[in-house]
Amino acid sequence: MKDTYISENIRYIGANDRELDLFEGQYVVPNGMAYNSYLILDEKIAVMDTIDIHKTGEWLENMERELDGRTPDYLIVSHMEPDHAASIQILADKYPELTVVGNVKTFTLIGQFFHMDLKERTLTVKEGDTLSLGAHTLQFIMAPMIHWPEVMVTYEQSEKVLFAADAFGKFGTLDTEDEWVCEARRYYFNIVGKYGVQVQGLLKKAAALDIQTICSLHGPILKENLDYYIGKYNIWSSYEPEDKGVLIAYASIYGNTKAAALKLAELLKDAGVEKVAVADLAREDMAEVLEDAFRYDRLVLAASTYDGAVFPCMADFLHHLKAKNYQKRTVGLMENGSWAPASGKQMKACLEEMKNITLVEPVVSIKSTMSEENLKQMQKLVKALV
């Protein structure tokens, strides 16, 4: 398992979930998920978020081991999504003297998720407020719409630890040996990607802090090379391309549009484009394709016409791009249709609703199978993309 040691007084009490197949009911997680929770031991003891209900038992065991007979004084609620907040009532019932700490919107959502009386057991905080535990001081920073309205992050001033809510999280359990950036990128764009402006705002607040450790609610504890992780978040949240390259995303019925997509990839490589990714929208994980669309600076959409419209998996992909604020990219189009090609026009209309999209010509229009004329069009499209 990746290192979960934070410090002598800040302990990890989270759990791994390898039984989960779909995170948030839609994202494939072949390596499961980590639900992170932390404990700060001082004159007063703070629990930093709870955990998904499926791992409550393990979480309580971890907490009791670290408490070693003591009783927690505070529960800090940074995010009310059930994978982090589902165990609030269980903890509050177990420790009747516990004070729940959150902002105004936190307590509105607690009232919606739980039916319990927290009268005289709450502490409402706002931007910049602090809470002393003794040697440790918690500073609360509001982070609304990253990616729920009640989200806040907490900075522990003495050990310089940022408890970052979902920020800097990733898919996968803590005992999964993989590179942070790939699953962190897929996590970011599919879950937080719509809220780049808000993430930029939080990064500006974080820049004023001396951060030595980042503790996310998902993924590993980050202690080294923090400029690398923060730099990635700055690129992603400003919607700038991370790499120069071309993603070709295709939607093919009988294989002819696929053949055109593969031919275009070959032509792009011959023209000197080093990074060319090709994705079959009917078969590949939509979340991974979306990740690559944001990763690269250029995109080509190739789709068959179906029922006078765009083939469904391409329509779905365009919906995801728009929902996550896809922008600042150069895009080329290829369409296919046996008697009335219509997908190109409809893909173009959808892209024109997005911000700062540069559409290049020509639109390669195939009738059933590639022709010599189509190859000439593709050569022109390659020149426009390169």
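Helix H1 (residues 56-67) lies across E1, E6 and E7 and runs at about 20 degrees to E6. Helices (H or I, at least four residues) and strands (E, at least two) are DSSP runs, numbered from the N terminus. Axes are lines fitted to C-alpha atoms, for helices over the stretch in contact, and angles run from 0 to 180 degrees between N-to-C directions. Helix H4 (residues 104-113) also packs on the sheet. H4 touches strand E9 (99-102) and E10, and its direction makes about 120 degrees with that of E9. Contact here means heavy atoms within 4.5 Å.

This is a predicted model, in which local features need pLDDT of at least 70 and side-chain atom pairs count only at pLDDT 80 or more, while totals for chains, interfaces and linings use all residues. Residues are numbered from 1 along each chain as its sequence is written, and side-chain values use heavy atoms, with hydrogens and water left out.

Now the sheet under these helices. It is open, has six strands in the order E1-E6-E7-E8-E9-E10, and its pairing is mixed. Two strands pair if DSSP finds at least two bridges between them. E1 and strand E10 (122-124) are the edge strands, each pairing on one side only. The twist averages 20 degrees from one strand to the next. E6 and strand E7 (residues 46-48) pair in the antiparallel sense over three bridges. Tyr38 has Met48 in E7 as its bridge partner.

Tyr38 also takes part in a ring pair. Which geometry do the rings of Tyr12 and Tyr38 have? Their centres are 5.8 Å apart and their planes stand at 75 degrees, so the pair is edge-to-face. Rings of Phe, Tyr and Trp (its six-membered ring) pair if their centres lie within 6.5 Å; planes under 30 degrees apart count as stacked, over 60 as edge-to-face and the rest as tilted. The pair links distant parts of the chain: Tyr12 sits in strand E1 (residues 10-12) and Tyr38 in strand E6 (residues 38-40), 26 residues apart. Both Tyr12 and Tyr38 are buried. Buried means under 20% relative accessible area, exposed over 50%, and partly exposed in between (1.4 Å probe, protein chains only).

Phe113 and Phe114 form a tilted pair, with 6.4 Å centre to centre and 45 degrees between the planes. Phe113 is partly exposed, at 37% relative accessible area. Phe114 is buried, at 12%. The structure holds 22 aromatic pairs.

A second open sheet has five strands. Their order is E11-E12-E13-E14-E15, with mixed pairing. Strand E11 (130-132) and strand E15 (213-215) are its edges, and each pairs on one side only. Neighbouring strands are turned by 20 degrees against each other on average, direction ignored. Inside this sheet, strand E12 (residues 137-142) and strand E13 (residues 152-156) pair in the antiparallel sense over five bridges. Gln139 stands opposite Tyr155 in E13. The loop between E12 and E13 contains His147. The peptide bond from Ile146 to His147 is cis, with omega near 5 degrees.

Turn next to a helix pair. The axes of helix H5 (residues 180-192) and helix H7 (residues 226-237) come within 11 Å and cross at roughly 35 degrees. H5 contributes Trp180, Val181, Ala184, Arg185, Tyr188 and Phe189 to the contact, and H7 contributes Tyr228, Tyr229, Lys232, Tyr233, Trp236 and Ser237. By class, the contact has nine nonpolar, one polar and two charged residues. Ala, Val, Leu, Ile, Met, Phe, Trp, Tyr, Cys and Pro count as nonpolar, Asp, Glu, Lys and Arg as charged, and the others, Gly among them, as polar.

Tyr239 is found in the loop between H7 and strand E16 (243-251). Tyr239 has a positive phi of about 65 degrees although it is not a glycine. Is Tyr239 buried or exposed? At 5% relative accessibility, Tyr239 counts as buried.

Asp307 has a positive phi too, of about 55 degrees, and is not a glycine. Asp307 lies in the loop between strand E18 (296-306) and strand E19 (309-310). At 73% relative accessibility, Asp307 counts as exposed. The peptide bond from Glu361 to Pro362 is cis, with omega near 0 degrees. Pro362 lies in the loop between strand E21 (355-359) and strand E22 (364-366).
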